[in-house]
Amino acid sequence: MNAPTEAQTLDMLQTAPAGAAALSRPTPGAPMWLLAELTYRCPLHCVFCSNPTDYAAHSAELSTEDWLRVFREARAMGAVQLGLSGGEPLLRDDLELLVAEARKLGFYINLITSGIGLTEKRAASLKEAGLDHIQLSFQDSTKELNDFLSSTRTFDHKNKVAAIIKAQGYPMVLNCVMHRYNLPHVGRIIEMAERMGAEFLELANTQYYGWAWHNRAALMPSHAELIAAEEVVDSHRARLAGRMKILWVSPDYYDAKVKPCMAGWGAVFMVIAPDGVALPCHSARMLPGFDFPKVTEHSIASIWRDSDAFNRYRGTGWMSETCLSCDEHPKDFGGCRCQAFLVTGSAEATDPVCPKSPDRHRIDAAITAADQAAGLSTPQPLRFVPGAAQGGGMLFRTDANSRALVAPDSGEVEFAAPEGAG
Ligand code: FES
């Protein structure tokens, strides 16, 4: 599963209620962007997956009827965009039915997929059901690195899926999560997207949540590597103007500015996890001290308007003096609560990427470490070997590792691809 794209976040920002953050506890507008994580099941094992690392402890899934009720209630509240994500949403047998009903309700529907399971027949039936848009993820332009990072042999299949998407006439967004290993390939990734006829390429630099947080030391590029890659992007962007739009999502850690995460907590965005837990963002599940409401126990309206989970970081009442006294807070809404928690141990803290944060030194230390690591040799290409310990010292998203992270006594986390994968 990928986090909401920059384009999607920009959409949200453009439609966010004006001046929402100016009030200490504003009346919420509509949950305009609904992300339905249909399942945590996924055939891939990506080292930067944004699903919670304890996903194996939440394997229950909402029924078709539950999802349809969620869609109806959210639409009645003003939701307009529906992202169908996971895990791998194509693993749900009722995907076509969910799309058809969402279409009848009037949603704009985006499928966020690894492509595994998207056959010609399925792409056609999803189109007939009313799917608007497909976002296909790639891990790299090379088979070796793509297959290594996802710990599956999927590169060739993804190429076939890209052709299927084009043949069916869908607008195609390719998404590639960028990091130390594939930044040197950025020019080839752009050329690959161009060959495939993508209308839009999102180069999303890794944000460190979920599995990527555990793999931060291995994935984080140096500043010089980022700058070099961005220059390549700029040159291709000029060449491809009018043909393919390239979005370069700059990494938080290197930005001098705090990002307006989710366009503000509980402002426009609602995630429903596979088991029906409602979240203000895709990462919030790991925040301590929350009792996130379930759609099986509460209506979408009461979750959105009345729950502590959605109200806690709305507006400015929760902000530290550092944020309150800063001119930027009406624009950045205080930044990212999940990042604050992961880096500082407190979700209330000033976003540590902010230059005014008393914890900024923690980000600088990570950057220094990445700069030093860039001086060491990085094995390229990394190759996927089923069942074998993988290079790079990375933690793969597997059920066994998820269980071990939840209950450390249940077994060792393994820096290895799953037995028989691929
Ligand atoms: Fe949770 Fe930013 S990802 S608030």
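So, L174 sits in strand 5, residues 172-178. Strands here are DSSP runs of E with at least two residues, helices are runs of H or I with at least four, and both are numbered from the N terminus. Before I go on: this is a predicted model, where local features need pLDDT of at least 70 and side-chain atom pairs count only at pLDDT 80 or more, while totals for chains, interfaces and linings use all residues. Residues are numbered from 1 along each chain as its sequence is written.

Okay, is L174 buried or exposed? L174 has 26 C-beta neighbours inside 10 Å, so it counts as buried. The cut-offs go like this: 20 or more other C-beta atoms within 10 Å of a residue's own is buried, 12 or fewer is exposed, and in between is partly exposed, with C-beta atoms placed from the backbone.

Who does L174 touch? Skipping neighbours within four places in sequence, L174 is in contact with L136, F138, A193, M196, A198 and L201. Contact means that the two C-beta atoms, placed from the backbone, lie within 7 Å. There's also E199, which is 25 residues from L174 in sequence and 8.3 Å from it in space, C-alpha to C-alpha.

The largest nonpolar core has 116 residues, and I165, M172, L174 and A193 touch the most other members. A nonpolar core is a set of buried Ala, Val, Leu, Ile, Met, Phe, Trp, Tyr and Cys residues joined through C-beta atoms within 7 Å. As background, nonpolar side chains tend to be buried together in soluble globular proteins. Take I165: again leaving out neighbours within four places, I165 is in contact with A123, I134, L136, Y170 and M172.

Axes are lines fitted to C-alpha atoms, for helices over the stretch in contact, and angles run from 0 to 180 degrees between N-to-C directions. Under 35 degrees is roughly parallel, over 145 roughly antiparallel, 65 to 115 roughly perpendicular, and the rest oblique. On the helix 3 side, L95, E96, V99, A100 and R103 meet S125, L126 and A129 of helix 4.

Another pair is helix 7 (residues 186-196) and helix 10 (residues 223-239), whose axes come within 9 Å and cross at roughly 30°. Helix 7 and helix 10 are therefore roughly parallel to each other. V186, G187 and I190 of helix 7 make the contact with A229, V232, V233 and H236 of helix 10.

Last bit, the whole chain. There are 17 helices and nine strands, and 51% of the 422 residues count as buried. Of the contacts with a separation of 6 or more, 74% are between residues 24 or more positions apart.
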